[in-house]
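Open the structure in your viewer and keep the sequence beside it. The stops below each give a selection and what is to be found there.

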Amino acid sequence: MTIRYPNGKKFQQNRILSVKKNVNIKDDRFSNRGMSLEEDINETNEYYRTHNLAIIHKKPTPLQIVNVNYPKRSAAVVTEAYFKKPSTTDYNGVYQGKHIDFEAKETKNKTSFPLKNFHDHQIQHMKAVIKHGGITFVLLRFSALDEVYLMKAEDLIFYYDGQEQNRKSITKKQIEACSYHIPIGFHPRIDYLKIVDKLLSTE
C-alpha cells in the first residue's frame with residue numbers, strides 16, 4: 001500500500017491490508033518515538049475503563065483513503081492513503097463529569113524538554129478546552145530517566161508562548177517546579193488520575 005504524507009513523500013506498505021480486519025497503520029516518521037509511553041498510557045486507560053473509573057481513549061491518526069481495490073466482494077483492500085495532520089491532542093474522555101483532554105510527549109534529553117515537540121494546533125486546542133471548562137494537560141516523560149510528569153496546559157502555554165523570546169525548551173528544573181511527578185507503577189502504569197483529583201480539588 002502507498003501512503004502519501006502532506007509533504008508529498010510516499011511510503012510503500014508491502015503488506016496487503018484488508019479493511020475487514022482491525023488494521024493498525026503506523027506512521028514510520030514516529031515509529032521510534034513515544035511508543036513505550038503510548039503503550040503505558042493505553043494500559044492505564046484500559047485499567048480505568050475496566051474498573052469503571054473513567055472513559056478515556058487515544059484518538060486515531062486521521063487517514064484519507066485514496067484508492068481501494070476489491071479483489072473479492074466480501075473484502076476491500078486499501079492500496080493508497082494519506083496521513084492527515086492531527087488537529088487536536090492525542091487523548092480525551094470523561095472523568096467525574098469533566099472533559100479530560102491531554103497530550104503525551106517523550107524526550108531522551110535528561111535536562112530539558114524541547115518545545116518543538118509541541119505544535120501550534122495542539123496549543124490552540126488546549127486553550128479552547130480551558131476556555132470551555134475542561135481539564136487539559138500534558139504528560140512528559142524523560143525516557144533516559146524513566147520519569148513522568150503531569151504539567152497543566154496553562155503552564156505549558158506560558159512556556160510555549162515564550163518561544164517568541166527565543167525559548168527553545170523547558171528545563172527539567174522548571175518542569176519539576178510547576179508539575180506533578182507520577183511514579184511508574186505496575187497496574188496501572190501511569191496513574192495520572194490521582195493528579196487530576198488534586199487539580200479538581202483546587203477548582
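**Stops along the chain**

Select Gln96 to begin: its relative accessibility is 58%, so Gln96 counts as exposed (exposed means over 50% relative accessible area, buried under 20%, partly exposed in between, with a 1.4 Å probe and protein chains only). The model is predicted: local features need pLDDT of at least 70, side-chain atom pairs count only at pLDDT 80 or more, and totals for chains, interfaces and linings use all residues. Residues are numbered from 1 along each chain as its sequence is written, and side-chain values use heavy atoms, with hydrogens and water left out.

Stay with Gln96, in the loop between S7 and strand S8 (98–107). Helices (H or I, at least four residues) and strands (E, at least two) are DSSP runs, numbered from the N terminus. Gln96 is not a glycine, yet has a positive phi of about 50°. The hairpin of S7 and S8 has 2 residues between the strands.

Next, show S7 and S8 together. They pair in the antiparallel sense over 5 bridges; two strands pair if DSSP finds at least two bridges between them. Tyr95 has Lys98 in S8 as its bridge partner.

Now select S8 by itself. Is this strand largely enclosed or open? S8 is largely enclosed by the rest of the structure, because 8 of its 10 residues are buried. Glu106 stands opposite Arg141 in S10.

Move on to Asp146, in the loop between strand S10 (135–142) and strand S11 (147–152). Asp146 has a positive phi near 55° and is a residue other than glycine. With a relative accessible area of 41%, Asp146 is partly exposed.

Go to Thr89, in the loop between strand S6 (75–83) and strand S7 (91–95). Thr89 counts as buried, at 2% relative accessibility. Not counting residues up to four places away in sequence, Thr89 touches Lys59, Asp101, Phe102, Glu103, Gln122, His125 and Met126; contact means heavy atoms within 4.5 Å.

Select Asp40 in helix H1 (residues 35–50). Asp40 is buried, with a relative accessible area of 11%. Which residues does Asp40 contact, leaving aside its neighbours within four places in sequence? They are Arg141, Arg189 and Ile190.

Finish at Pro188, in the loop between strand S13 (180–182) and helix H5 (193–201). Look at the peptide bond joining His187 and Pro188: this bond is cis, with omega about 10°.
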